[in-house]
Structure formats: C-alpha cells, structure tokens
Amino acid sequence: MMDILNILLSESFWAASLRIATPLIFGVLGALICERAGVLNLGIEGIFVVGAMCGWMAVWLGAGLWGGVLMAALAGAFFGLLHAILTVPLGLSQHVSGLGITLFATSVSYFTYRTALPNVSSPPRIEPFQPLDLPVLSDLPFLGPVLFQQTALTWLALMMVGLVWYVLNRTALGVAIQAVGDNPDSVDAQGLSVYGLRIGAIVAGSALMALGGAFLTMSAFDAFFFGMVNGRGWVCIALVIFASWRPGKALFGALLFGAFDALQVRLQTEMGALVPGQVFLMAPYILSIMALVIAARSADYPRALLQPWFKGQR
Amino acid sequence: MIRIEPRQHRSRTMDLGIPVLSAVIALAFAAIPLMAAGANPITAYGEMVKGVFGSVFALSEMLTRATPLIFTGLAAALAFRAKLWNIGAEGQLYLGAMAAVAVGAGWLDLPGLVLVPLIVILGAAAGAAGMAVPTYLKSRFGADEVVTTLLLNFIILIFLQMMLEGPLKDPMGLGWPQSAPILDQGMLPPLMDRMRVHSGLILALVLAAVAQFMLARSVWGFRLRAVGENAAAARHAGINVKRSLFGVAIISGGLAGLAGVSEVAGLKGYLTADLSPGFGYTGIVVAMLAGLSPVGVVIAALFIASVFVGADSMSRAMGVSSFLADLVVSMSLLCVLVGGFIARYRIIRSGTGRAAS
Amino acid sequence: MTDTTVLRLNGLSKRFGPVVANDDVSLSLARGEVLALLGENGAGKTTLMNMLFGHYLPDAGTVEVADEAGHLAPLPLGHPQAALAAGVGMVHQHFTLAENLNALDNITLGAEPLRAIRRDRRGARARIEAIMAHSGLKAPLNVPVGRLSVGERQRVEILKALYRDARILVLDEPTAVLTPQEADTLFASIKAMTTEGLSVIFISHKLHEVLAFSDRIAVLRHGRKVGEMATSEADEAAIARMMVGADTPRIARSAMAPGAPVLHLQGVSVAGRSQRDSLKQADLTVHAHEILGVAGISGNGQSALANVISGLSVPTAGHIRVDGSEIPRPSPARMVRAGVGRIPEDRHHEGIVGAMSVAENMVIERLDDPQVQSRGLLRREAIATHAEELARAYDVRGPGVTAPARLLSGGNIQKLILARVFERAPRLILANQPTRGLDMGAAAEVGRRLLEARERGAGIVLISEDLDEILGLADRVVVIRDGQIVETGSHDRERIGLMMAGEAA
C-alpha cells in the first residue's frame with residue numbers, strides 16, 4: 001500500500017498522467033464535437049493513425065514541428081470531411097461509414113509510410129516537441145514538473161478544453177451545434193443549415209482527433225510505428241459517454257484514464273514478479289468498459305445522434 | 001436545387017450490381033496509389049490476376065484465405081441483420097483459436113472422430129461467450145456494444161499474449177510465444193494433396209447455406225429480421241427482442257470463433273499472436289459487400305481473398321507495399337456504402353425555384 | 001384593419017413521386033386578417049405552408065410577400081431563411097424545438113450571426129420579455145424546453161416567430177395538443193395581435209374553431225383549393241361537404257347493454273416518459289359490448305396506459321385482469337394470448353416492420369401458431385394464402401402481399417393492423433389514436449370496425465386526442481389527467497374539457 005501512496009505523491013506520476021491523457025483529451029474533444037452535432041465518428045481510430053503519420057512525415061520532410069501539427073490537422077479534417085459527406089447529406093450508416101473511414105485512413109497511412117520508406121529496419125526519428133522550460137514556473141515544486149515541463153502540445157490540448165467549452169456554451173455557433181444534435185428541424189426552421197453545421201462540426205472534430213495522433217509521433221515518441229495508436233481512438237469513444245458530452249468532464253475522464261495508465265505502468269514494475277504484466281496492460285481497456293457501463297444507464301445521449309436528416313422530408 | 005427521394009421499388013439488378021460495381025471501382029481507384037508507388041497499374045493488375053488464378057496452387061491459396069473471411073463475414077452479416085453491432089469478431093476469433101489449442105494440443109488424446117468435433121464445438125462456444133458478454137452489458141446496462149466489442153478485441157489480444165507466455169506456451173517452442181501444436185488427429189483434414197486448403201472451407205460453405213435458409217425460412221430468421229428492421233414493432237408484436245439478440249449474439253460470436261478454429265486447426269496447427277491479419281475487421285467489409293446476405297458473404301469473401309492473395313503476389317513481384325490490399329478493401333467498403341445510397345434513393349435535380357419567381 | 005394584401009400565393013404545385021400534394025393553389029392574405037386553411041388530413045394544407053416557409057421547393061408557382069412598406073415582392077423559394085427575413089413565421093404542428101436548450105436559446109437560434117464570438121444574452125432576454133409582456137404569451141426562459149409543458153412549448157414556438165419580427169404567422173393545427181380552454185386563450189392572444197397588423201393563417205380540420213376565430217376560410221381537398229369564403233357567410237354543413245367532397249354517412253350506433261368486465265385495472269401504477277405521463281394508482285373497468293373513451297391532453301398518462309394494456313410496460317403496483325383472470329407479469333406476447341388486440345398509436349413505428357412483406361406483418365403476432373409454422377420453419381404458402389384472404393376481407397390495397405409493408409399508404413397500413421387484430425376476434429381491443437392521420441373515409445372504416453367488434457361482444461378502450469371521435473364512438477367517457485383516470489359520467493364537451501384541464505372534478 002505504501003508503494004501506491006508513494007507513487008501517487010510523486011510528481012513524475014502526475015506528469016506522466018497528464019502526458020498520457022493528452023492525446024485522449026484531443027480525441028475526446030473531437031468525438032464530443034461530432035456527437036454533439038448528432039454524428040458518431042468511428043473514424044477516430046484511423047484519424048489518429050493519419051494524424052500520427054502525417055505529423056511525423058511532415059516534420060521528417062522538413063516542415064517544422066508546427067508545420068507537422070498543421071498537416072496532421074488538415075489530414076484529419078480531410079478524412080472527417082469524407083465521413084461527413086457519407087453520413088450527413090447521404091445519411092448513410094454512421095457505424096459502417098466510421099469503420100470504413102478507420103480502415104481507409106489506416107491503410108492510406110500505412111501504404112504511404114511503407115511506400116516512402118520501403119526498406120528501413122529502424123524507423124527514422126525526428127526531433128520532437130521538447131518540454132517547455134518556463135523561467136520560474138518550471139522550477140516550482142511539484143507544479144513545475146507536472147504542469148510546466150510538459151510539451152506545447154499538452155498545453156494546446158488544455159487550451160482546447162477551454163476553447164471548446166466556450167464555443168459550445170457561450171456562442172451562437174455552439175448553441176446551434178447543440179440544437180442540431182438534439183433536433184435538426186429546430187435549426188432548419190430557424191433558417192440555419194443542418195448540413196453545414198454538421199459537416200463543419202465533423203471536420204473540426206476530426207482535425208482535433210488527428211492532433212491526438214500527432215502528439216504520439218511528435219511528443220510522446222519521435223517516430224511512427226504500425227499499430228502505435230492501439231485502440232486509443234476507441235477509448236475516446238467510451239470516454240465521451242463517460243463525460244456525458246461535456247468538455248470539462250472530458251478533461252476529467254482523460255486525466256483519470258491517464259492516471260490509471262500511469263499507475264499501471266508503475267505497479268507493473270513494482271509487482272511484475274507477482275502478476276503477469278499483461279494484467280496491467282489490459283487494465284486501461286477494462287477501465288474504459290467499466291466507465292461505459294457505469295455511465296451508460298444515465299447517459300443523456302444527444303437525441304438526434306445516429307439519426308440521418310434529409311432536407312424537405314419532415 | 002437537389003432533392004433526395006426514396007425509391008418506391010428497389011431493383012434486383014441494382015441490389016446485385018452495386019456490390020460488383022463497388023469492387024471494380026475500388027480496384028480501379030487502386031491505380032492511384034499504384035502509380036504513386038511508381039508501378040504500372042496494368043502490369044500490377046496482371047500480376048494480381050496471375051497471383052490468384054495463375055495456377056491451381058494460387059487458386060487454392062485464395063480459397064484458404066477466403067475460409068476465415070466467410071466465417072467472420074457471416075458473423076458480421078447475421079449480427080448486423082439484427083442491428084447488433086458486433087465489431088469484436090477479431091477478439092472472438094482468438095478466443096476460438098485459444099479454445100482449440102487448449103483442447104487440441106495434447107490435453108486430451110482422443111481419436112480424431114471425437115477430438116475434431118470437440119475442438120470445433122468448444123472453439124465456437126468460446127467465441128460465443130466472447131459476444132455474450134458485450135450483449136449482456138448492452139441489454140443490462142445499455143453499454144454500446146460497438147465500443148465494448150472494439151475494446152474487448154484489445155483485451156483479448158493481451159490475454160492471448162499472456163496465455164502464450166503462460167499456460168498455453170509450447171515448452172518445445174524455443175522461448176517463442178506460441179502454443180504447442182494441435183495433435184495430428186485433431187486437425188481439420190486437408191482437401192487437396194500438397195495444398196493448404198482444408199475442410200474448414202466446407203464447414204464455412206455449409207454454414208453459409210444453413211444461414212441463408214434459416215434467415216429466409218425459419219421462425220428464428222423471421223424474428224431476427226423483424227428485430228433488426230424495427231425493434232419497437234417486433235417488441236410490440238410479442239417478439240422477445242432481448243432473447244433474439246442474445247441468440248444472434250451467440251451465433252455471431254460462435255461463427256467468429258470458428259474462424260479461429262479453422263485457422264489454427266485447419267492451417268497453422270499452432271497458435272501465435274499474429275494468427276489473424278485482421279480477419280475480424282475484414283469480415284465487416286465482406287458482410288457489407290454481401291449486402292448482409294449469407295450467400296453473398298461467400299462471394300464477397302472470395303473477392304476479398306483474391307485481392308489479398310493477388311496483392312501479396314504482386315507485391316513480391318513488383319515491390320509495391322502489400323498494404324495496397326487493405327486500401328482496396330477499405331475503398332470497396334466506402335464504395336458499396338455509397339452504392340447502397342444510390343440503390344435506395346433517387347437524386348432529383350428539381351427545376352430552380354428562383355427561375356420561376 | 002386595412003385591405004392591403006401582405007401575402008399572395010400564385011399557382012403553387014407540388015408532387016411527391018406519384019402523389020400530387022398541391023395542384024395550382026392560389027391564396028392571398030390581407031393585413032390583420034385571420035385566414036383558416038381547412039381540409040381533411042392529407043388534403044395538402046401542411047405541404048402548402050411548408051412551401052411558403054421554404055421547407056419544400058414547389059414544382060411550379062410563386063409566392064409574393066409584402067415588405068415593410070407594403071410593396072409585394074417575390075420570395076425566393078426553398079429557403080426558410082428568406083421566408084424568415086421576409087417576415088413569415090411558422091409554428092409547426094410537430095414542434096421544432098431543441099429540447100436540451102432553454103427557451104431563450106431556442107428563440108434566439110438563427111437570429112444571431114454564427115461567427116460572432118460573443119452573444120448578447122442580456123439584450124435578447126430583455127427583448128423577449130418585452131414581447132412576452134406585449135403579446136401575453138409567457139414561458140419560462142431558463143428551463144430546458146424538454147421540461148416545459150406542451151402549451152408552454154407552443155408559446156415558445158410563437159415567440160420564436162415574433163422575435164424574428166414576423167408579420168405573417170402560420171400556425172399548423174395549433175390546438176391539436178391543447179384543451180378547449182387553452183385553445184380559447186391562444187386564439188384570444190392571436191386576435192389581439194391581429195389588431196396591431198399581424199396576419200395569421202391557421203391550419204385546422206376542426207370546424208367549430210374555424211368558424212369562431214377566422215375572418216376568412218379557404219378549403220383544400222386532394223391538394224386543390226375547392227372553395228373560399230368569408231367566415232360570416234360560411235355555413236357549417238356546406239364547408240363539411242366541401243372538405244369531404246360528399247356527405248359522409250354518420251356511423252349508426254345502436255344502444256347496447258354492457259356485459260361482463262373484460263378488462264379490470266386496479267390501482268395500477270407504471271412509470272412513463274415523465275412524471276406526468278405516468279399512471280398513478282389507476283382504476284379502470286371495461287365491459288363486453290362497451291367502447292370506453294379515454295379523453296385527455298396528450299402527455300397525461302395515455303402512453304403509460306396504452307403500454308400497460310399492450311403489455312409493453314410492467315406495472316410497479318396494482319392488478320390487471322383480462323376476462324376475469326389475472327395477468328401476473330404482462331408482456332406483449334402474454335397480452336395477445338390473453339385475447340387482447342392492440343392498435344398502436346404510431347402505426348409506422350410500432351405497428352409494422354416496413355421492410356418485411358405485408359403477409360409477414362399479418363402473422364407477426366402469431367409465430368407460434370401451427371398454421372404459420374411447423375417445427376420452427378415458416379409455412380410460406382399458408383402464410384401467403386392467409387394474407388390474400390385477409391387483404392380481401394379488410395380491403396388492404398397496395399402492390400400485393402409480398403411487397404414490403406412500407407409501400408402501403410397510411411390508411412392501408414392501418415387496415416393491415418386492423419385485419420391482424422380483428423381476425424383473432426379479441427376479447428379486448430386497445431385502440432390508441434386509431435384514426436390519427438387518416439382521411440375521413442379510412443377513419444370511418446376504423447370506427448365501423450370498432451362498432452362491429454363491440455356488437456360481437458368485445459370491450460374496447462379508445463384513447464384519442466380527438467374529443468369529437470370519442471363523443472361519437474364511446475359508450476362511456478373517462479378523462480385521464482396527470483396519470484389519474486376519472487369517470488366523467490357525461491358526454492358534455494364543455495364539462496369534459498374542463499376535466500381535461502383539471503379545473504373541475
């Protein structure tokens with residue numbers, strides 16, 4: 001027990017929690033925006049892969065780190081647009097289209113990577129984002145290492161939480177997005193475009209998801225591997241429900257998940273002799289399912305989620 | 001202004017033609033990445049065709065590859081018919097495979113006539129159990145089965161690694177994480193001399209035929225269709241929706257489990273963590289291309305298997321990444337989705353209102 | 001009131017596939033005028049208004065709307081935004097409100113630029129409060145609309161239009177969900193606003209309210225305008241004939257002594273969609289040879305009552321007896337077996353599986369019957385023959401019994417359900433809004449079948465929001481309000497209306 005307490009009090013544990021949470025924050029926010037507008041985006045897993053690959057490749061080709069971030073976001077937006085076209089004006093199954101986007105985005109990424117680098121034994125590395133080194137703040141006890149030695153992308157993620165909350169709750173655009181996810185007719189009857197709002201939300205949400213992927217290759221690691229996303233996208237889909245589609249709770253859910261994952265890694269090193277390491281590896285996924293089970297009953301789904309809407313058919 | 005209107009009658013030609021057309025279009029689109037990779041598309045397509053139909057061996061390889069896809073395709077098709085989103089065939093496949101090696105790799109030294117059916121049944125049961133859990137979580141707690149089955153895939157894969165490094169590990173395996181081989185008499189018999197195609201294919205075809213018949217002709221199939229098309233009306237009419245969903249969940253999971261059995265007891269003989277290159281996920285594409293019809297699944301599985309085997313062979317010959325196959329498969333899914341839209345709706349360009357005013 | 005024209009519809013036509021919804025309809029509306037658009041269900045009233053508001057694009061025709069100076073200018077069609085900008089506001093029969101947002105957000109939705117990074121909520125609130133004070137239409141602004149009553153929601157809808165400075169207000173069946181008293185209040189507010197220049201078109205099929213509140217009446221039938229007159233010159237019988245095209249024979253109802261009880265609910269409680277829409281300790285008895293009418297404003301426990309009788313909900317307390325024997329754990333299948341025939345409220349959603357054939361839908365409630373299956377396999381020929389016979393007997397018309405049921409018209413879908421229910425000669429029939437959305441011919445057919453069943457000795461629970469229907473068919477009328485069932489002991493419209501509103505016991 002003392003061991004766990006020691007871990008929970010250590011600054012490295014909390015720093016790692018926030019680091020692990022970062023891609024999930026991007027992903028959950030992205031999924032949240034799509035679902036608030038009434039569209040489930042199961043393309044998330046593939047969009048993570050595309051973001052990871054594009055971000056890394058742009059930097060590797062010399063675009064600079066922020067150039068890489070931009071490329072990742074654009075690539076995510078592109079696949080989001082594809083999902084949007086299939087599910088909004090065409091009204092096709094959001095489940096199947098999303099899975100299709102995941103398969104498509106993943107295979108495009110893998111094919112491009114393999115074609116660009118046919119014969120490499122070890123993946124080429126880039127110079128990733130470095131931890132911020134802020135005068136004074138970074139040297140604060142505890143808070144310094146936990147908050148102020150993260151990379152710029154983690155800070156971007158935290159700022160996005162505030163931004164998404166503000167837009168959803170404090171602007172006319174956000175109100176319209178919430179309305180279109182509840183009852184598209186309400187938006188249509190007030191002269192706004194259901195298609196425009198939904199497509200826009202999906203594209204923006206997908207760009208955010210891709211940033212989650214980009215964090216993996218540009219901050220957490222410094223190279224691209226096959227299978228590196230490893231279900232993080234699906235975890236986000238579970239967390240959105242856990243967060244009941246609220247940005248603040250999404251941050252909380254991602255941090256909780258990050259903390260648990262960080263704890264799991266540390267326990268594994270401490271207790272590795274007693275319990276097979278896989279038990280700990282499974283824990284985050286089991287935790288996600290548990291979170292879903294707990295949240296599902298009381299979940300207040302956006303009423304129009306999964307419902308296609310056609311103009312002139314009321 | 002463009003208007004979308006549902007078609008009054010769906011034409012049979014369209015229902016059949018759209019999947020075929022989607023496959024062709026997806027293949028045609030593959031010319032873009034082929035050219036990007038510096039290959040001549042015509043030569044590449046030629047290599048692919050040769051790789052599948054060039055020899056009896058090539059053809060048998062394609063059939064071998066199609067076998068697990070028929071199982072996972074059926075698993076997805078039946079579940080999707082009931083609007084039960086089983087995306088967990090990949091995990092259920094491994095559960096079936098684990099059950100197969102657990103029983104078959106020396107634990108029980110029974111004659112083949114007993115051992116083979118036992119392996120098949122237990123493998124199916126393991127897969128079924130793998131789908132029963134998310135279905136229970138859905139009906140009891142309302143937890144979305146899409147997310148739970150997806151996450152279970154990862155859990156099962158990690159569990160598999162744990163088993164392969166633990167209880168199922170082959171003591172003679174030189175430290176590799178792999179299981180002991182299934183006893184010779186426990187293997188599904190091969191169909192042709194010196195070829196890898198095995199009797200799992202026959203089982204898959206028989207099950208597809210049975211599924212087709214039961215769906216159209218049985219009360220079970222009637223209930224399943226009613227639940228899938230309109231659960232509220234089915235419930236109102238006195239159909240036990242939960243029981244129907246559980247029934248199809250068991251069958252769907254069982255079919256996915258059989259894919260694992262067939263791969264491990266029909267082809268490989270022992271179990272590794274890379275037994276399936278995503279057969280579970282590809283099964284979804286197969287089912288969608290098939291329009292969720294069991295007989296269609298067989299045809300779609302043959303097509304997808306041809307793409308994989310052809311792309312592998314083309315890749316060896318021309319040095320283009322074999323991820324091309326995954327590209328074609330995913331694009332054909334997107335194409336058939338759009339095609340389904342065209343089959344269901346008419347797009348009408350109505351006269352512009354402005355001109356009249 | 002002046003005679004200036006504020007709106008003119010010129011020759012509007014609209015087809016949906018083979019169905020002609022509107023054929024060359026022209027109308028005009030004067031400033032401060034209340035025009036009633038009258039017609040049967042499916043006569044094309046809503047389609048016409050949806051074209052005016054830009055939801056549908058007409059196949060032919062134009063619309064002209066007066067600008068603020070009073071000059072008629074063509075309205076770009078197919079754009080709700082253009083209609084709103086021209087001062088046309090529409091209150092749809094099915095409310096177009098986002099239930100997760102409060103009334104303030106719903107009212108301002110679309111009125112503010114989406115690009116703005118700030119909203120002026122304080123200013124908007126002040127303006128809405130001014131409009132509420134002026135019009136007398138009040139609704140709470142801070143509560144999610146999902147928690148408002150139906151009357152409040154309707155006021156929010158009207159406020160939405162007024163907030164956008166509507167000079168022409170279109171109301172689609174505004175009283176369908178209101179008590180007679182609430183309807184009177186609504187019309188009084190509207191009348192007051194017309195004296196200040198608001199022009200109103202309201203859609204209705206209720207003759208008495210049309211005669212009481214409109215200045216002018218236009219009648220649509222089968223998509224065409226068949227008549228137009230000043231209300232002061234209108235004659236009820238003539239309008240009714242104009243709507244239907246011919247006199248409909250009144251349904252003959254013979255007096256009949258009620259028999260033994262077939263349904264007995266005793267202290268039944270069941271949770272519904274909301275606290276209000278639940279059943280609380282309800283008692284109800286229906287006898288053989290009796291039609292029991294359940295009147296009430298929608299959302300007062302009707303759906304909970306219907307769910308209990310159809311077996312969809314298991315009560316949390318109380319006893320249900322059908323034909324004298326207790327049903328311990330009700331389920332739809334058990335209710336069917338006990339001899340209950342159920343006509344669901346939403347026939348498309350609960351009544352049929354649209355993708356399955358007409359024949360399959362006819363046997364869906366009796367899959368255990370050896371006539372339908374043997375050893376788990378469907379007897380397809382028997383099912384088809386049976387379907388042909390039923391379709392003939394109940395006059396189900398459409399592209400044949402092997403075609404998907406969704407291809408049938410609404411009236412024929414209802415006939416399919418009637419065939420399925422009446423074929424089994426049920427002891428008890430639950431008819432939940434059985435004529436909603438049907439034209440008069442099909443509705444009369446439903447009434448005839450219900451009376452036939454009553455003759456035969458069935459007990460019938462008729463739940464309806466249409467008081468006229470209940471008064472015309474029921475032997476006994478109860479009112480359901482806030483989950484409680486109250487005996488009325490009368491057929492008096494005024495008295496029942498007050499009881500629906502909870503103002504008299």
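**Briefing: a strand pair, a helix and an interface**

In strand S19 of chain C, Ile429(C) is the bridge partner of Gly341(C). The model is predicted.

**Strands S16 and S19 of chain C**
- S16(C), residues 340–343, runs parallel to S19(C), residues 428–432, and four bridges join the two strands.
- Val340(C) and Arg342(C) point to one side of S16(C), while Gly341(C) and Ile343(C) point the other way.
- All of these residues of S16(C) are buried.
- In a regular strand, side chains alternate between the two faces of the sheet.

**Helix H7 of chain A**
- H7(A) covers residues 152–170; at 1.5 Å a residue its 19 residues should span 27 Å, and its end C-alpha atoms are 26 Å apart, which agrees.
- Leu153(A), Thr154(A), Ala157(A) and Val164(A) are buried in H7(A).
- Viewed down the axis of H7(A), the buried residues fall within an arc of 105°, so they line one face of the helix.
- The cover over these buried residues includes helices H2 (11–36), H10 (194–220) and H12 (247–271) of chain A.
- Met159(A) and Gly162(A) are exposed, on the face of H7(A) turned away from its buried side.

**Contact between chains B and C**
- On chain B, 24 residues are in contact with 32 residues of chain C.
- Helices H9 (219–229), H10 (231–236) and H15 (353–356) of chain B each supply at least two residues of the side that touches chain C.
- H9(B) gives the largest share of that side, six residues.
- The residues of the side of chain B that touches chain C comprise ten nonpolar, eight polar and six charged.

Terms used
Residues are numbered from 1 along each chain as its sequence is written. Chains are lettered from A and ligands numbered from 1 in the order in which they are written. This is a predicted model: local features need pLDDT of at least 70, side-chain atom pairs count only at pLDDT 80 or more; totals for chains, interfaces and linings use all residues. The expected span of a helix is 1.5 Å times one less than its number of residues. A residue is buried if 20 or more other C-beta atoms lie within 10 Å of its own, exposed if 12 or fewer, and partly exposed in between; C-beta atoms are placed from the backbone. The arc is that of the directions from the helix axis to the C-beta atoms. Two residues are in contact if their C-beta atoms, placed from the backbone, lie within 7 Å. Two strands pair if DSSP finds at least two bridges between them. Ala, Val, Leu, Ile, Met, Phe, Trp, Tyr, Cys and Pro count as nonpolar, Asp, Glu, Lys and Arg as charged, and the others, Gly among them, as polar.
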